[in-house]
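Here's a quick briefing for a first look around. Have the sequence and the 3D view handy.

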Amino acid sequence: MHSCQASERCVNTVGSFVCERTVTCPAGFQLRNQVCEDIDECMVRSHNCGQRFECENTEGSFLCNPKQRCLTGFTQDSHGNCIDINECSSLSDPCSAGFHCINTVGSYTCQRKVIMCSQGYHSSPDGTRCIDVDECQTGNHGCGEGQICHNLPGSYRCECQTGYLYDALRQICSDVNECWSYPGRLCAQTCENSPGSYQCSCTAGFSLAFDGKNCEDLNECDSSPCGQECANIYGSYQCYCRQGFYLKEDGHTCEDIDECSQSIGNLCVFQCVNIPGSYQCACPPNGYTMSTTGHTCRDIDECTTGVHNCSTEQTCSNVQGGYRCLSFSCPPYYRKVSDTRCERSGCPANSVDCQTSPLRITYYQLSFQINIVIPTQIFRIGPSPAYRGDNIAISITHGNEENYFSTRKLNSFTGAVYLQRQVRQPRDFLIDVEMKLLRQGAFTTFLARIYVFITSNTL
């Protein structure tokens with residue numbers, strides 16, 4: 001009178017019962033405290049190992065290990081006997097392709113399979129078939145120089161390379177001279193035949209272009225063939241020298257020009273000193289300094305240093321080796337706007353001479369030595385500022401009775417005064433240089449009153 005399941009067993013208790021799960025252990029295990037424990041068959045001697053074997057317990061079972069070990073290539077049977085292993089049947093591919101497996105006692109051997117192939121063929125690595133021999137790759141062919149080897153099944157064929165033609169008589173490939181054979185021009189300048197091909201070359205002064213046929217001008221100046229300046233020209237180059245040098249006969253080297261010894265005129269007033277590529281002028285060590293032009297010597301300016309005796313109403317003008325005390329005054333109808341300039345103002349209405357007189361009178365002082373090179377430009381005159389369309393005319397209106405001076409128009413808005421005769425002894429001149437300016441259809445007159453002091457050559 002219980003409710004236990006078929007897999008359970010009923011255990012009676014005082015006043016009731018309990019259902020316990022029935023535990024079934026597999027072979028090799030026994031139930032103890034509701035837990036399946038391994039049976040040690042070796043300990044309880046429930047094994048069946050023979051005398052030549054030792055019992056070794058395992059989980060749920062046991063092993064019979066032989067007491068005597070077999071050599072490599074043998075295995076033991078159930079009775080402990082050593083028997084040979086057939087490696088040919090037990091191993092997977094014991095021999096490589098092309099070999100047969102032969103079992104031996106304790107081992108095995110591999111013997112190559114023998115297959116006979118026709119000429120031009122050889123057996124495959126596995127020895128199962130014949131494959132073609134590539135004579136072109138192995139080098140076992142009879143193709144000569146200039147021929148190309150083409151492999152064929154069981155054989156090969158020789159063909160002439162590009163640039164060669166087959167000579168049936170001599171049975172060889174002969175080189176084709178492309179420079180002679182082609183009707184067109186293969187190269188821009190020079191064609192040179194080579195075995196199986198040709199090469200283009202260029203003459204001196206040219207280099208071969210990227211296409212290998214045309215010629216491009218070579219810039220020889222990149223290699224600095226000249227001593228100083230180099231100018232590339234088509235197919236060649238030209239060497240030049242800088243100012244103050246001349247090109248020697250070799251066409252490359254530049255030699256310094258001694259301007260002091262080769263000059264026709266006097267480059268320097270006092271002394272000329274040659275330097276590489278040019279020259280320098282020198283002045284006496286005392287009493288003179290070099291002018292801004294670098295050619296003439298300028299004496300010490302007594303007017304600037306204050307070593308003079310001019311009055312306060314006079315103006316000190318320095319000359320070579322001395323000075324002059326000058327008085328500047330403005331004529332009637334002019335007003336003094338600076339120490340050396342007068343401007344016209346307030347002409348009477350009926351005075352034509354006043355209205356046509358110069359608009360401005362400017363005083364200048366120039367000093368030269370008697371050895372000055374003739375002719376030489378001593379003064380320039382022109383409007384400031386100058387405008388497009390201006391036109392001037394200059395002339396000396398006073399002080400040139402002996403014709404020592406002349407004028408020249410340099411352009412439409414610049415004129416110059418020249419000393420054209422040699423002055424043999426020290427002398428002072430006062431010349432009036434008149435400039436007429438034509439601007440927008442009207443004339444305006446300007447007057448430059450120039451003191452020219454010709455001093456002795458103290459150098």
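On a 1 Å grid over the protein atoms alone, a pocket is an open set of points where a 1.4 Å probe fits, with protein on both sides within 12 Å along at least five of seven lines, and its lining residues have an atom within 4 Å of a point. This is a predicted model, where local features need pLDDT of at least 70 and side-chain atom pairs count only at pLDDT 80 or more, while totals for chains, interfaces and linings use all residues. Numbering starts from 1 along each chain as its sequence is written, and side-chain values use heavy atoms, leaving out hydrogens and water.

**The largest pocket**
- Its volume (the space filled by probe spheres set on the points, which are joined across faces, edges and corners) comes to about 600 Å³.
- Among the 21 lining residues, V269, H295, T296, F368 and I372 lie nearest the centre.

**A three-stranded sheet**
- An open, antiparallel sheet of 3 strands runs in the order β34-β37-β36, where two strands pair if DSSP finds at least two bridges between them.
- β34 and β36 (405–411) sit at the edges with a single partner strand each, so one side of each has no neighbour in the sheet.
- β36 is joined to antiparallel β37 (residues 414–419) by 6 bridges, and T407 stands opposite V417 in β37.

Conventions
Helix = DSSP H or I, 4+ residues; strand = E, 2+ residues; numbered from the N terminus.
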